[in-house]
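Here is a short report on one protein model. It runs from the overall fold to single residues.

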Amino acid sequence: MGIIVLSFVVSMVLGCIIWFAIGDRFPLAVETKFPPLKNIVIYTLICLIPTYLVVFFTFN
């Protein structure tokens, strides 16, 4: 359970960092973009699985 929580927290931080570096990109083909919070959530969800795998194989 701790690995999942740690992965989620790290993914939230990475999602914020990626949003800060890249900015509002979603949806890709539309000129009107989602609000910043929705973009941060999308970046966080994209980072969740790779982060979980890194943490799992590091601490297990």
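## Terms and basis

A polar contact is a pair of N or O atoms within 3.5 Å; within protein, one must be able to donate a hydrogen and the other to accept it, and residues adjacent in sequence count only if both atoms are side-chain atoms. By that rule, the side chains of Thr-51 and Ser-11 are joined by a polar contact of 3.4 Å.

This is a predicted model: local features need pLDDT of at least 70, side-chain atom pairs count only at pLDDT 80 or more, and totals for chains, interfaces and linings use all residues. Residues are numbered from 1 along each chain as its sequence is written, and side-chain values use heavy atoms, with hydrogens and water left out.

## Overall fold

The protein chain has two helices and zero strands. Helices (H or I, at least four residues) and strands (E, at least two) are DSSP runs, numbered from the N terminus. Along the principal axes, the C-alpha atoms fill a box of roughly 45 × 20 × 15 Å.

Of the 60 residues, 20% count as buried. Buried means under 20% relative accessible area, exposed over 50%, and partly exposed in between (1.4 Å probe, protein chains only). Contact means heavy atoms within 4.5 Å. Among contacts between residues at least 6 apart in sequence, 55% join residues at least 24 apart.

## Helix 2

Helix 2 has 24 residues. From its first C-alpha to its last it reaches 33 Å, close to the 34 Å expected at 1.5 Å a residue. The expected span is 1.5 Å times one less than the number of residues. Helix 2 has a kink of about 35 degrees at Leu-48, shortly before the proline Pro-50. The bend at a residue is the angle between axes fitted to the seven residues ending there and the seven starting there.

Which residues of helix 2 are buried? They are Asn-39, Ile-40, Tyr-43, Thr-44, Cys-47, Thr-51 and Val-55. Helix 1 is part of what covers them.

## Two buried polar residues

Asn-39 lies in helix 2, which covers residues 36–59. Asn-39 counts as buried because its relative accessible area is 0%. A polar atom of its side chain lies 3.1 Å from the backbone oxygen of Phe-34. Not counting residues up to four places away in sequence, Asn-39 touches Trp-19, Asp-24, Arg-25, Phe-26 and Phe-34.

Thr-51 also lies in helix 2. Its relative accessibility is 8%, so Thr-51 counts as buried. Leaving aside neighbours within four places in sequence, Thr-51 is in contact with Ser-7, Val-10, Ser-11 and Leu-14.

## The cis proline

The peptide bond from Phe-26 to Pro-27 is cis, with omega near -10 degrees. Pro-27 sits in the loop between helix 1 (2–22) and helix 2. Pro-27 counts as partly exposed, because its relative accessibility is 23%.

Not counting residues up to four places away in sequence, Pro-27 touches Thr-32, Lys-33 and Phe-34.

## Cysteines

A disulfide is a covalent bond between the sulfur atoms of two cysteines. The test here is a pair of cysteine sulfur atoms within 2.5 Å. By this rule the count comes to zero disulfides. Cys-16 is in none; the nearest cysteine sulfur, that of Cys-47, is 10.0 Å away.

Cys-16 has 37% relative accessibility, so Cys-16 counts as partly exposed. Cys-47 has 10%, so Cys-47 counts as buried.

## Aromatic pairs

The whole structure holds three aromatic pairs. Tyr-52 and Phe-56 form a stacked one, 5.9 Å centre to centre with 25 degrees between the planes. Rings of Phe, Tyr and Trp (its six-membered ring) pair if their centres lie within 6.5 Å; planes under 30 degrees apart count as stacked, over 60 as edge-to-face and the rest as tilted.

Tyr-52 and Phe-56 both lie in helix 2, four residues apart, about one turn of the helix. Tyr-52 counts as partly exposed because its relative accessibility is 29%. Phe-56, at 27%, counts as partly exposed. Ring pairs link Tyr-52, Phe-56 and Phe-57 into a cluster.
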